[in-house]
Every structure is written in C-alpha cells, then in structure tokens.
Amino acid sequence: MATQVTTRGTLGERRYDLDWVRIAAFMLLIFYHVGMYYVSWDWHVKSPYASHTIEPLMLLTNPWRLSLLFLISGVATAYLLDRRSSAKTHRTSNFLGQRSTRLLVPLLFGMAVIVPPQSYLEVIEKLSYPGSYLDFLKLYFTAYHGFCRGSDCLILPTWNHLWFVAYLWVYTVVLYVAIRALPSAVKWLRSLIDNKFSGAGALLWPILFSSIARIALISTYPPNHAMVGDWYNHATYGMIFLLGFILAGTTKPWIAFERLRWISVSLAVLGWAFVAAYIGIYGADQAPTPPHMLVLFQRVVYGAEQWLAIAAVLGFARRHLSYDNAVRRYLTTAIFPVYILHQTVIVVVAHSLKPAHLLPVVEGPLLVVVTAVACLAGYEMIRRVSVLRPLFGLAGPTQKTPAGTILVPQDVQ
C-alpha cells in the first residue's frame, strides 16, 4: 500500500521514487560487473569465454548508470542539509563531520579489507603471481609498484569499485564549502533551474553540457578513477551531483521529466543503438579510423544518451514508484553494504568457478544469484554486529534517522 509523509524541512514531500531508483541503480551494478567478467574490456579477472557478444548490452547502461547515482546522491545531500538546518537539535556544521564518517570509514575499511582479494586474484590471473595471500598483503600495504604488464602497473593500495565513495566525499566537501561561502546562490540556482527545466529545457540543457564536456575532455582526460587528472569524470559527475542538489528544491523539472518520459526513453534507445554500432565498427584493435566529424557526432550522441536515459528513469520512477513498502525500507538500508561487498564476491566466486568450466549461459546467472545472496547474507550479519555497522556505512543500532530525509534510514549515498 502506498504511503506518503512530508519532510521536516522545506524541500517538500518524501521522494520514495528516488529511493527505488537508487536501489535499482546499485543492484544493476551486480549485473554489470558480472558482465565485465565476460566482455573483452579489461577487468580484474576474465572468463576464458570473454568476447564481444554482450558488449552492446553492457553499453545500454554504460553511459549513464554512475551519473544517475551521483545525481541521486546530490538530491540526498540536499535533503540531509535541509533537515539539519530545519531541526532544532542539529546544526549544519555537524553535516560535514557526519558525512565524512559515514563515507570515509567504509572507504578506508574497504581498501584495507574488502578490496585486496580483488587485486590478489588479478595478479594471479594476469601475472601468475606465486605468493600466498599474506605475502601479497605485505606488498599491498607497502605500496608495491612492481606488478606491471609493460608500462601498465597496478597501483597499491587501491580502492577499485569504491572510487565512487571517494569521489562522492570530495564532491560533498566542495559543495558544502561553496554553499557556506555563497548561501544565497542556492536559492538563485534553484529558481533558475526551476524555470529553465520546466519544459524541453529539462532535456536540452543537460544534453548540451554533457556533449560539450565529452567533446572537450574525453580525449585529453580519459576516465581513470584515480581522482587526480580525472577531469572528464569530474566535469560529468561533479556537475550532475550539483544538479541533483539543485533539483531537490524544484518542482517544474520533475513534472517535465514525467511528461517527457516516453520521448526521453525513445531517444535514449536510438542513441544507444548508434553508440553500440559505432563501437562495434570502430572499437576493435584492427578497426579502421573513423572520420573526425563522425567522432565528434558520436560524442554528442553519447552525451545525449547519458542524460536522456537518466531523464527517462526519473520520469518513469515519478510516475510509477512513488510509494513505500517493507521491501523499500529493507533495501534502502541494505544497499550500501551490498555495494561495498558485491565486486569482491563476484571476483572471488568467478575465479573459484573456473575449474568447473561452466558455460557463460550457466555460470553468468549463477554468479548473479550467488553474489546477491552472499551480499544480502553479509548485510544480515553486518547489521547485527555493532562494531561492523559503521565499517559498512550503517548508523549505530541505537541511532535513528528522522523521516525528513530522502534516503532513510542510512543516507550513505
């Protein structure tokens, strides 16, 4: 049964639809990273059956899935700040410390405990490393840089899939400092976006920015997820995080997303078909060099697809997912620990299944199911052990997050 409550702050009703979007986006990572085991793109471990077969399917979400998470994180940040500034018992000065604890503790724990098995199995598979896991850990924690293939060396220690948490923390800090320095800018930006995104502008302006960013930056600053020098990703993810923060205080753009949802999804599918065909023709090692104008057009289409898919998701979610139930409440809390665990589970299980020589049509679904079950079982243990809760971004067992936030009860993203 659908239920609605209003927030304690000033940003309006609780957004259950965005809770569902966040849950689905993180669950999608399990499917995507299982897929990474079977495609030709570089990853930590690879299936002996890796090929180009499912790459078009991977490209269906590749341009937008992480941008969507940063946008939802921006919205969540706005609600968290709004609650703290509205509640009598909280001050906004507490915000940065609490967010840092909630994000940096899991990041550091993940780098020290969760991520190392991924790197260990990577050097076993790619470099035939003969040492034990304990031998590897000594190298891992002493920043050993000798695991190289040509000029490409593994950086240790590493955050692997947890780069998202590091980037989110940095964007949160930058945003917090900016709004403390220019508090009146937030109201002005929300008024501007509310007007500019009230119709077709809800699609056109973000497409324009995404396309220009890709044309200008992708060749010079290709994604590296290393924070330093990752300017294309910072332009894309940082700005969409800011956009989410601004959109949280608006009304007209959300109405426009819902009204334009069928146009958005139709154009996004067309964009995906073009990008998939382009990469299929020009993405192979021995493929011909595409004409310069076609390269530019492909980048425009990629940027357009990136936003159109997000706008479609937001529109359909607002239309169909504005309700609460026990599943949402459970998964909202579970999803961050599941995210922290999932890639390590995939890598370990995939490596362990290799001697069985299972075909991908059997092994792939098995990996998805085993990963989901293992991660949820891990969450069940984590939430019951007080010392583990903060290590996975969960509030203490006696803490409760007021109903005024968008992503309760844990607000880790």
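Visitor: Where in the structure is the place of Leu203?

Guide: Leu203 sits in helix α9. Helices are DSSP runs of H or I with at least four residues, strands are runs of E with at least two, and both are numbered from the N terminus. This is a predicted model, in which local features need pLDDT of at least 70 and side-chain atom pairs count only at pLDDT 80 or more, while totals for chains, interfaces and linings use all residues. Residues are numbered from 1 along each chain as its sequence is written, and side-chain values use heavy atoms, with hydrogens and water left out.

Visitor: Is Leu203 buried or exposed?

Guide: The terms rest on relative accessible area: buried is under 20%, exposed is over 50%, and partly exposed lies in between (1.4 Å probe, protein chains only). Leu203 has a relative accessibility of 8%, so it counts as buried.

Visitor: Which residues is Leu203 in contact with, leaving aside its neighbours within four places in sequence?

Guide: Contact means that heavy atoms lie within 4.5 Å. With those neighbours left aside, Leu203 touches Leu260, Ser264, Trp307, Leu308 and Ala311. Leu308 is 105 residues away from Leu203 in sequence, yet their C-alpha atoms are 6.7 Å apart in space.

Visitor: How does one check the span of helix α9?

Guide: The expected span of a helix is 1.5 Å times one less than its number of residues. Helix α9 has 17 residues, 201-217, so it should span 24 Å; the C-alpha atoms at its ends are 24 Å apart, in agreement.

Visitor: Which residues of α9 are buried, and what do they pack against?

Guide: An α-helix has 3.6 residues a turn, so residues three or four places apart point the same way. In α9 the buried residues are Gly201, Ala202, Leu203, Pro206, Ile207, Ser210, Ser211, Ala213 and Arg214. They pack against α8 (183-196), α10 (231-247), α11 (252-259), α12 (261-282) and α13 (292-320).

Visitor: Ser67 is found in a helix too; which one?

Guide: Ser67 belongs to helix α3, residues 65-86. Its relative accessible area is 1%, so Ser67 is buried. Beyond its neighbours within four places in sequence, Ser67 is in contact with Thr236, Tyr237, Ile240, Gln306 and Ile310.

Visitor: What should I look for in the backbone of the loops?

Guide: Look at omega and phi. The peptide bond from Leu156 to Pro157 is cis, with omega near -10°. Pro157 lies in the loop between β2 (152-153) and α7 (163-181). Met227, in the loop between α9 and α10, has phi near 75°, a positive value in a residue other than glycine. His357 also has a positive phi, near 55°, and is not glycine. His357 lies in the loop between α14 (326-353) and α15 (360-382), and at 60% relative accessibility it counts as exposed.

Visitor: How many cavities of 30 Å³ or more are there?

Guide: On a 1 Å grid over the protein atoms alone, a cavity is a set of points where a 1.4 Å probe fits but cannot get out, and lining residues have an atom within 4 Å of a point. Grid points are joined across faces, edges and corners, and the volume is the space filled by probe spheres set on the points. The count is one cavity of 30 Å³ or more, and the largest cavity has a volume of about 30 Å³.

Visitor: Which residues line the largest cavity?

Guide: The lining consists of Tyr37, Ser47, Pro48, Tyr49, Leu353, Lys354, His357, Leu358 and Glu363. For classes, Ala, Val, Leu, Ile, Met, Phe, Trp, Tyr, Cys and Pro count as nonpolar, Asp, Glu, Lys and Arg as charged, and the others, Gly among them, as polar. The lining then has five nonpolar, two polar and two charged residues.

Notes. 1 Å grid on protein atoms, 1.4 Å probe; cavity = no way out; pocket = protein on both sides within 12 Å on 5 of 7 lines; lining within 4 Å.
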